[in-house]
Amino acid sequence: METNHHNQSWMKKYVFSTDHKTIGLQYMFTALSMLLIGFIFVMIMRWQIAFPYAPIPVLGRWLPARLAPNGVMTGAFYNSLGAMHGTIMVFFGIVPLAVGAFGNYIVPLQIGAPDMAFPRLNMLSYWLYLTASILLLSSFFLPGGAAQSGWTSYPPLADFNPGQTAWIVAMLFVITSSLLGAINFLTTIINMRAPGMTLWRMPVFVWSEFVASVLLLLAFPPMEAGGVLQLMDRVLHTSFFLPKEVMIFGVLYKGSGGGQPLLWQHLFWFLAHPEVYILVLPPIGIVAEIIANNTRRPLHGYKIIVSSMLFIGALSFVVWAHHMFLSGMSPILANFFLVTTMIISVPSVALLTCLIYSLHGGSIRFNTPMLYALAFLPMFGIGGLTGLPLGLTPTDIYLHDTYYVIGHFHYIVVTGSIMAMFGGLYYWFPKFFGRKMNDTLGQIHFWGSLICMNGIFFPMFITGMAGESRRLWVPTAQLHDLPVQHWNVVSSVSAWALFLFQLPFIYNFFHSLFHGEKTVENPWHATTLEWTCPSPPPHGNFTKPVRVYRGPYEYSLPGAHRDWIAQDIESEAAA
Amino acid sequence: MSSEAAVMDVPHVGASTGVTNAKLGIWLFLASEVMLFSTLFTTYIVLRLGSSSWPRGWNVLNVPLGTVNTLVLITSSVTVVMAYAKAIERKRGQFRLFMSLTIALGVLFLILKGFEWGQHFHNGEFPSTSIFLAAYFTMTGLHALHVIGGLITNSILLWLSETQWDHPLFIGRVEAAGLYWHFVDIVWIFLFPALYLL
């Protein structure tokens, strides 16, 4: 193997790099851009929801007439934006940020490895992901526009809607990327831990990436198979998801028949439910790291947290059909999924309880990362608790496919995952770039985002319980929704305000990149291994061979000289 | 080695597992492949059980040709093991012989498969004709893509045996390619009875 990477060309060092840190940053910039794009899409949609049929201000003049004649968006355009928003946020935004960016950068550092197990495969994963992102976004320029069948792409509609073929191909690319990534993470975590880094000494974040990778590895292939079948339906006119005759857009379609639309839903949710845990577990890992560091005490119930994650991982494979209670599935089957769904909430509560209890007796430092971690706890709690009525069949009959569902899962992934990952960005930024982000701007970003996010998603519970359906282009088409329409306005205004509060973050990010206060190796006085190497770490990460002597969170050890002992320190006296 | 940082190499054998990264990686990859193909088999079962009429495989498909193809793939599994054994014994000539045989058998499989498909197309039988044919073409097609993938890796190894025969990881790579080739074989051993004989 080549050992000297210092004479590499600029292209090889920053573009076609095999270094996990460069790839992690590439993932981070791409995923953050995709999150911003997905957010812009939904801001346009929120105009139509708040003020149906009113011309979109400013942007409306720039949109082509086929999307928005006279600035009023068409239903098809609204559906495209909706489908793209969901797909981008889940598959191209949060997962690449949580696994591709943080996982790639932090996992090898935290286990004391010089790089990922398969560096070239790692590069391939990123380039497949980038290709998929570009393909997905460019589908707006296809005849008929981008996919319109929601991120769930249910047939029979998805078998006929324009743009869907590009969606499937983009998904196949991103699935391949995720599978290769998952293999890489698992091999790295299993095989490349530094001497002394036993499984029970791994930081919670590494465990969370481990479980998420198992889920990616085993849950994505069924969806991949489903994607191939849907592609066959669209391109070669098979009928995997179609009955013999379908009336679609007023045209009678005759196929060979024999297929089942429900089959797609099973294949899709077999992935998409574990996917929820892929969205949530790494952010919980991030929160655990930040909380242990800023309470200056060991995490409460480290083993309970890890076991809960493993239990959630295993159980997440048998809960998928709770998304399908109203699909005409057998009630006997529904009972099974109701029970498993209730069971999986137990380890989730255990996780949250351990994290909350970890605050008890700590001397908390309220810095920017910690604010995000602290906000995560109640917000994720709201998201989780509002999920229970959806997992119980009697209440789900009423709430299914309303805005209540949207409110629920956005509390999980926005005020939960995204808040946690913002915290992670502020926390690891010094490691990434050797500079600190500005604290004041960080606090403005935090409080603004927290308030606005609640302003967006809390009204959704109200409009949802009033019966507003989640996919309607014109929310007031159902007359009984008119009394709650003003909540849609609150929600939309909050969404636009949320955008304004991201501006300090964007400025802070780029300004700190070049002009931030320079930091040392370990500015937060943390114990895990990523803080024992220089900031940013050189190629190969560690300047001397690593050996691990202790658990991940040895804070405030009685009798020690200072309140933290890094994992690679042999005796307390040396600390 | 640079002056300021002692850069470490990526280790290729896990300290706690004693297994090479390549071997662990290929097994993980195969785990995901198992999920992919078992989903297709599940789809097949669901569609068949939900269907009012499902043709007997032997009435629609060419069973003799399928049988020959099964034997071809099983033989290629033997030759790929022989190639691996010869790589361990450090007999380059025999390794190249058995690897070439494996590739030739794989190509023969694809030719026979192509001939079979051609017959169906000639008879006006396409994926859109019936749900059975849709399943048949999709499953065998995806399998054929995996065969092509295996042919490419095996050919690369055959080519690399020229220059990288003494590379410390070479034997491990042959083993990983062999594991994958066995998997492709096993998938066919399930596909053949499910589609042709049941």
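Student: Which residues in H4(A) meet A:Tyr403, A:His410 and A:Val413 among others in H15(A)?

Tutor: Good place to start, and keep in mind that this is a predicted model. The partners in H15(A) also include A:Met421, A:Trp428 and A:Phe432.

Student: How many residues of each class does the contact of H4(A) with H15(A) have?

Tutor: Sorted by class, the count is 15 nonpolar, five polar and one charged.

Student: At what angle do the axes of H4(A) and H15(A) cross?

Tutor: Two packed helices are described by the distance between their axes and the angle between them. Here the axes come within 11 Å. The crossing is left-handed, and its angle is roughly 35°.

Student: Which elements give two or more residues to the lining of the largest cavity?

Tutor: The search of the whole structure finds four cavities of 30 Å³ or more, and the largest has a volume of about 150 Å³. Its lining has 17 residues, with A:Tyr27, A:Val99, A:Gly100, A:Ser177 and A:Ser178 nearest its centre. The elements you want are helices H4, H5 and H7 of chain A.

Student: How many charged residues are in the lining of the second largest cavity?

Tutor: This cavity has a volume of about 60 Å³. Its lining includes A:Lys544 and A:Asp568. Alongside five nonpolar and two polar residues, the number of charged residues is two.

Methods: Residues numbered from 1 in each chain as written. Chains lettered and ligands numbered in written order. Predicted model: local features only at pLDDT ≥ 70, side-chain atom pairs only at ≥ 80, totals over all residues. Heavy atoms only, no water. 1 Å grid on protein atoms, 1.4 Å probe; cavity = no way out; pocket = protein on both sides within 12 Å on 5 of 7 lines; lining within 4 Å. Points joined across faces, edges and corners; volume = space filled by probe spheres on them. Helix = DSSP H or I, 4+ residues; strand = E, 2+ residues; numbered from the N terminus. Nonpolar A, V, L, I, M, F, W, Y, C, P; charged D, E, K, R; others polar. Axes fitted to C-alpha atoms, helices over the stretch in contact; angles between N-to-C directions. Left-handed = near helix turned anticlockwise from the far one by under 90°. Contact = heavy atoms within 4.5 Å.
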